[in-house]
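Please take a look at the protein below before reading on.

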Amino acid sequence: MRDIIPTLLSIGVGFAISFFGLDFYSDSLKNENKIIAQSNEVTAPIETVETSSKEEVLPKPVSENDMPKEAMTAEEPSTGATSIEVEDIQKSFDNWEAYTKENIDLMATFTPLDNEGTAMEKGIFLTLLRTGAYIPIKSEKDGKLQYQLTNIDESADEKIKKSIVSKASIAHQYFKMEGKKLPNYNFVDLKGKAHNKADTKGKLLVLKCWFITCKVCVEEFPELNELVDKYKDDKIEFVSLAFDKKNELVEFLETKEFKYPTIPEQKDYMAKKLKVKQYPTHLIVDANGVIIKMVSNVKTLTSELKRIMGK
């Protein structure tokens, strides 16, 4: 009997240890599975297009059918955005978005600075931004806009990196178009008037790329109409290129005043010839048919025209 009692006690203690051990192991598995599930919650990569070895992989243009309205102007400056302190920019993706919408337009005219504050070539600046290792920080010197490269924090939201890579890729593509001849064109607008190189020779040509269902494209109309009025006595021709068919545009423009002559069914020309990646996009072409600037919003277009025309 004396031998049985210690044996029973030993069995009881072993059973208790096994029960609590299994319970602890079960909880550990649950926690481990939870961590694995969380680690798998990542944002889908940016869709790219196939290119030749000489071309760079860039974000795929989005069609009018599947383009989110808020994404149509990736770099349009915000109105009424909350001011974000520089030291808080990388604390969250929302902070980053608010700061960039208020302060950053990579398609504008600016002085690019490296991370030590030394001026550098814009193409190299945009290429470095496309690596995802930096973000641009705005400053001014002698009244001129400048952006400086700043390292992305290791703890920063991955979406910040993806955002700047996307923005810099489009800006770099547009930058590469500057200095090139505008591809051959022979447009006929909704009223039957021709627009070709002979008609625009000796004039500054301003092109707007858009489509009817692009909300932001249409919201720009009043400000664009003001530009037409402002430069009516100057040698500037304003023309818009649209995706849509003639009858659709005629019907739509009966409800929306737009002073640009409009050319229908130009989707292929915009995407394949002009390499447009987002809408709206505006081009400024000099009197010799050379592309001076490609920008993505009316605010930057207005400032660029003022810089070029001196008024």
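Lysine 259 counts as partly exposed because its relative accessibility is 35%, where buried means under 20% relative accessible area, exposed over 50%, and partly exposed in between (1.4 Å probe, protein chains only). The model is a predicted one, in which local features need pLDDT of at least 70 and side-chain atom pairs count only at pLDDT 80 or more, while totals for chains, interfaces and linings use all residues. Residues are numbered from 1 along each chain as its sequence is written, and side-chain values use heavy atoms, with hydrogens and water left out.

**Salt bridges**

- Lysine 259 and aspartate 229 meet through their side chains in a salt bridge with an N to O distance of 2.9 Å, the term standing for a side-chain nitrogen of Lys or Arg within 4 Å of a carboxyl oxygen of Asp or Glu.
- This pair links distant parts of the chain, 30 residues apart, with lysine 259 in the loop between helix H8 (246–253) and strand S8 (262–263) and aspartate 229 in helix H7 (residues 221–230); helices (H or I, at least four residues) and strands (E, at least two) are DSSP runs, numbered from the N terminus.
- Aspartate 229, at 37% relative accessibility, likewise counts as partly exposed.
- Lysine 311 forms a salt bridge with aspartate 234, and their closest N and O atoms are 2.7 Å apart.
- Because lysine 311 lies in the segment after helix H10 (298–309) and aspartate 234 in the loop between H7 and strand S7 (236–242), the pair ties together parts that are 77 residues apart in sequence.
- Both partners count as partly exposed, lysine 311 at 38% relative accessibility and aspartate 234 at 24%.
- Glutamate 178 forms a salt bridge with lysine 293, with 3.8 Å between the closest N and O atoms.
- Here the partners are 115 residues apart, glutamate 178 being in the loop between H4 and strand S4 (186–188) and lysine 293 in strand S10 (residues 291–295).
- Lysine 293 has a relative accessibility of 5% and therefore counts as buried.
- A search of the whole structure finds seven salt bridges.

**Nonpolar core**

- The largest nonpolar core has 73 residues, and Leu106, Leu182 and Trp210 have the most contacts inside it; such a core is a set of buried Ala, Val, Leu, Ile, Met, Phe, Trp, Tyr and Cys residues joined through side-chain atoms within 4.5 Å.
- Helix H4 (residues 158–177) gives the largest share of this core, seven residues.

**Charge at the surface**

- Glu248, Glu251, Glu254 and Glu265 form a negative surface patch, for which residues need over 30% relative accessible area and no salt bridge, like charges being joined within 9 Å.
- Glutamate 248, one of these residues, lies in helix H8 and is partly exposed, with a relative accessible area of 39%.

**Backbone features**

- Most residues other than glycine have a negative phi, and most peptide bonds are trans.
- Aspartate 142 has a positive phi of about 55° although it is not a glycine; this residue is in the loop between strand S2 (134–141) and S3, and aspartate 142 counts as exposed at 73% relative accessibility.
- Lysine 275 also has a positive phi, of about 60°, and is found in the loop between H9 and S9, where lysine 275 is partly exposed with a relative accessible area of 30%.
- Tyrosine 279 and proline 280 are joined by a cis peptide bond, with omega about 0°, and proline 280 lies in the loop between helix H9 (267–273) and strand S9 (281–285).

Technical notes:
Patch = residues over 30% accessible without salt bridge, like charges linked within 9 Å, V, L, I, M, F, W, Y side chains within 5 Å. Areas by Shrake-Rupley, 256 points an atom, 1.4 Å probe, with all protein chains shown as cover. Lys, Arg positive; Asp, Glu negative; His and termini not counted. Charge placed at Lys NZ, Arg CZ, Asp CG, Glu CD.
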